[in-house]
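Thanks for asking me to look this over with you.

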Amino acid sequence: MKTVVGSRVRERLVDALGADAVRTEPEDLAVYAFDAYCEDSLPSAAVLPQDARDVAAIVRIAHECDEPIVPRGAGTGLCGGASPTRGGIVISFARMNRILSLDAANRRARVQPGVINLELSKKGQPHGLFFGPDPSSQKISTLGGNTGTNAGGPHALSYGSMTNHVLAIEFVDATGEVRRVARDDPGYDLASLLIGSEGTLGVITAIDLRLMRIPPSIRVCVAAFGDVEAASAAVSAIIGAGIVPTALEIMDRTIVQAVEAHYHAGYPLDASAVLLVEIAGEADATVARERRIETIVREHGALSWRSASEPAERDALWAARKGAAGAIGRIAPNYYIQDATVPRTRLPQALHRVDEIARAHHLTVGNVFHAGDGNLHPLLMFDRRDLKQVGAVVAAGTEILRACIDLGGTISGEHGIGYEKRETLPLVFSTSDLATMGRVRGVFDPKGLFNPDKIFPSGAVCGEVRVPQAVSAGAWL
Amino acid sequence: MAVTQRAPTSAEFGLGAVTPRRVVTPASVEELAATLRECDAAGEAVVVVGGGTLQSLGHAPSRYDVALRTTALARILEYEYRDLTIAVEAGLTASALDETLAERGQFIPLDAPNAARSTVGGVLASGWLGPRRAKYGSPRDFVIGTTIVLADGVIAKAGGMVVKNSTGYDLSRFYCGSLGTLGVLVRANFKTLPSPEARRVALATLPERTRRRAMEHVAGLDVEPAAVLAIAGFADDIDGRDGLEGRIFLLFEGAVPSVDRATRQLRSALGAAGVPETTLFDAGAGKALARLIDAYVIRLGDRSVTYRSRGLPSDLFERTATIASLAQREALGLELIEDICTGDVIARVSTPVTGQLSERIGTFDPLLHASLPNVSVLTAPEALRGDLAMWGAPPSALEMMRAIKSRFDPNATLAPGRFVGKI
């Protein structure tokens, strides 16, 4: 039966976009079956639109044929957000990858969703401008995907996440209309809803983004610590002293050894934890701020302090930090990254709990995280051929999320909920909280075709959610 | 216990031609939820009122039975100053929030007008945009979580007490700017910033002939100001001095050496542009900014209407010229605040005597909206509210907004008719 529906959809998609833009052979579809999470499922079709008009045609066809729509950027998402768990049509933005305009005078750019994050900063550089959010995946992840997950990155500490940088969004709604919504225009701020909605409210076709002036002075410093809890206590002390550097990142020994073997950036190999501090601003101010931070860090037991002001040295340190997840491949066949946030002063306790949980499950854990934001990324290492280890990783992951919630935190700082964490969402939000989100979903996605199975808990849990009468019960499954 | 005041005056609570029958001031979130639920069931229309400082926004509601005040919900709930986060009740005033934060050397750049009366909930619900947002972001950027009471009395939260969050829909930011038409904000969680070491205002007279050049020079400064406003008029509202020639107001915030360097550069830049004298002051810099922001919503009795035109900084002067020529054509007096960093133009048009405004603005208002997109009214005499296009042209996604309104407030209990497209 699925095949019959599939062939009708294929015909209509080919009619609308041309055969070159439509993939339906299983061998072609295999690459669209999964993202960086371990859930895979073949779609009925993958399409490569060129512009908003193409996307509108796809959305109309999908709605007429009741096919789910799964938007896909670079597939770097860690929570299965781009996984076509119910089949349907995957929309790849590989061909919508143009920077449509860059307005240096007004410090803004309009991009298609398939533009790679780093490309925008490169394009801004000759004008003295850059784009703030810089997820570690920025060399491959797309601005559309970044918007869909409200991505952050190391510099979110001072520059904020995507929501603080999106000025306007063009999207295709459930009726196939192309709409443009700007943040501060009169009316409800629909863009705030679309950012971080993981493709469940519509398909984004263009984004207006704010650019920032490249700071005149940037200093990157590295401090070594005897243990990761001391390093995180130093981070809490820096923030508590009212200093917000542009980035505060921690890597533990496991991670440092893996990245050094690969990148040779000069991180101290004998340290149990390394703190990376970036300070940016006016030259006179950054020097003074560095001195204050160094004092605090030494008071909190730093074993060494190294300052890198040369661009090449700084870039090497950052490249290694951002390549950390990849470098883990050297020491474990598989790894699972968790993404949770706690109030920053709770970091030492959170790390202590992560360590306890990993030990209890006999797992090796590496910690590389956005410490300044209280955003943890424990990496649990395992071998997926050993089912016992897989079970332990899943159990430990959930326990870590619970521990962070108990400390006043939440279950995602920047990766989103996707497919992976949807059953965990009710630990954070009450039935009424979720039903309020359901009211929004019901308006944008009455047929439930925009990226189903994402964010919200599955039927079993959803059955317990009190859905207000104005919302049809099935609208947000 | 909730306090109920019967037969309030139209002077205090009236909007357009309607005045509520009673004013209810609940003492707790639960009481507020119960009041709202009862009104919703009884078909009574409710307008949320914080400090009442921005009630001038929007159309007059089509029905108005109850003014629901949030002012008794004014507690600081959690101040985790070491985390740089704070959670407050929505009825707390902006200045009380500011004072609490200042004790720990922190701030949130809400830039609220009439901060001593305006409430945190009102600032967020009104979608208020101040001059420092180019540097720091708007109030919405500092919101990390909210609790709202919906029309049916359901209490729902969104976001949390962490500074980075991708957990579920970001309803907290979505509520900003919804003007109390979706629910009643009762709690807001914010991230805070460390206060700048130094704050300095530079104020200079700017004769017309020097204006363009001065602006070019200011744009080239390598230390970015926190605000740059070119002001014509508003003399009584700002410092009582003659402002007719036009003035430039710059605010620098940051580390001491940076602010010092910025001042030196500025002096030489303005000097080169032919600006005769620059006054600098550190003490009272915050107060000067506050007075200037207050002026955005000060009305000259029944003689003036103030508009905000939004757009790109690069076409700011062009928009100002359009406004000026229309004002001149309709024989309206014009005072301006041009926000160089955000592109906002605040334009106050007025007549010398009461009674002339109605006719002249009746011609001016449609012409202005026809000439410029994205113009809304910040304040106008109550009698004129019904005659002006308060929000400008309806947004293209209006049907979606209507659908959202009907999901959140199916009985149109909350400020019916007040928002864009008479939502």
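Is the crossing of α13(A) and α14(A) right-handed or left-handed? The crossing of these two helices is right-handed. Please keep in mind throughout that this is a predicted model.

1. **The helix pair in chain A.** Helix α13 of chain A covers residues 347-360, and its partner, helix α14 of chain A, covers residues 387-406. Their axes lie 10 Å apart and the helices pack at an angle of about 155°. An angle over 145° counts as roughly antiparallel, which means that α13(A) is roughly antiparallel to α14(A). On the α13(A) side the meeting residues are A:Ala350, A:Arg353, A:Val354, A:Ile357 and A:Ala358. Facing them from α14(A) are A:Ala396, A:Glu399, A:Ile400, A:Ala403 and A:Cys404. By class, this contact has eight nonpolar, two charged and no polar residues.

2. **A helix pair in chain B.** Here you can look at helix α12 (residues 316-329) and helix α13 (residues 357-371) of chain B, whose axes come within 10 Å and cross at roughly 155°. The two helices are therefore roughly antiparallel to each other, and the crossing of α12(B) and α13(B) is right-handed. From α12(B), the contact uses B:Thr322, B:Ile323, B:Leu326 and B:Ala327. From α13(B), B:Phe364, B:Leu367, B:Leu368 and B:Ser371 take part. Six residues of the contact between α12(B) and α13(B) are nonpolar and two are polar, with no charged residues.

3. **The sheet in chain B.** Eight strands of chain B form an open sheet with antiparallel pairing, in the order β15-β12-β14-β13-β17-β18-β16-β19. At the edges are β15 (278-281) and β19 (375-379) of chain B; each has a single partner strand, so one side of each is left without a neighbour in the sheet. Direction ignored, neighbouring strands of this sheet are turned by 20° against each other on average. Within the sheet, β13 (residues 227-232) and β14 (residues 247-254) of chain B run antiparallel and are joined by five bridges. If you want a spot to start from, B:Ala227 stands opposite B:Leu251 in β14(B). Helix α10 of chain B (residues 256-272) lies across β12, β14 and β15 of chain B, running at about 10° to β12(B).

4. **Domains.** For chain A, the domain assignment gives domain 1 (2-92), domain 2 (99-213), domain 3 (216-329), domain 4 (332-414) and domain 5 (422-477). The C-alpha centres of domain 1 and domain 4 of chain A lie 33 Å apart. Chain B is divided into domain 1 (3-71 + 409-422), domain 2 (76-194), domain 3 (198-295) and domain 4 (304-387). Between domain 1 and domain 2 of chain B, the C-alpha centres lie 21 Å apart. In this pair, 25 residues of domain 1 of chain B are in contact with 23 residues of domain 2 of chain B. On the domain 1 side, the largest share, seven residues, comes from α2(B). That side has 13 nonpolar, eight polar and four charged residues.

5. **Where the chains meet.** How many residues of chain A are in contact with chain B? There are 70 residues of chain A in contact with 61 residues of chain B. Elements of chain A that each supply at least two residues include β9 (178-182), α8 (228-240) and α10 (283-299). The largest share of this side of chain A, eight residues, comes from α16(A). By class, the side of chain A that touches chain B has 27 nonpolar, 29 polar and 14 charged residues.

Terms used:
Residues numbered from 1 in each chain as written. Chains lettered and ligands numbered in written order. Predicted model: local features only at pLDDT ≥ 70, side-chain atom pairs only at ≥ 80, totals over all residues. Axes fitted to C-alpha atoms, helices over the stretch in contact; angles between N-to-C directions. Helix = DSSP H or I, 4+ residues; strand = E, 2+ residues; numbered from the N terminus. Parallel < 35°, antiparallel > 145°, perpendicular 65-115°, else oblique. Left-handed = near helix turned anticlockwise from the far one by under 90°. Contact = placed C-beta atoms within 7 Å. Nonpolar A, V, L, I, M, F, W, Y, C, P; charged D, E, K, R; others polar. Domains from an automatic or database assignment. Pairing = 2+ DSSP bridges.
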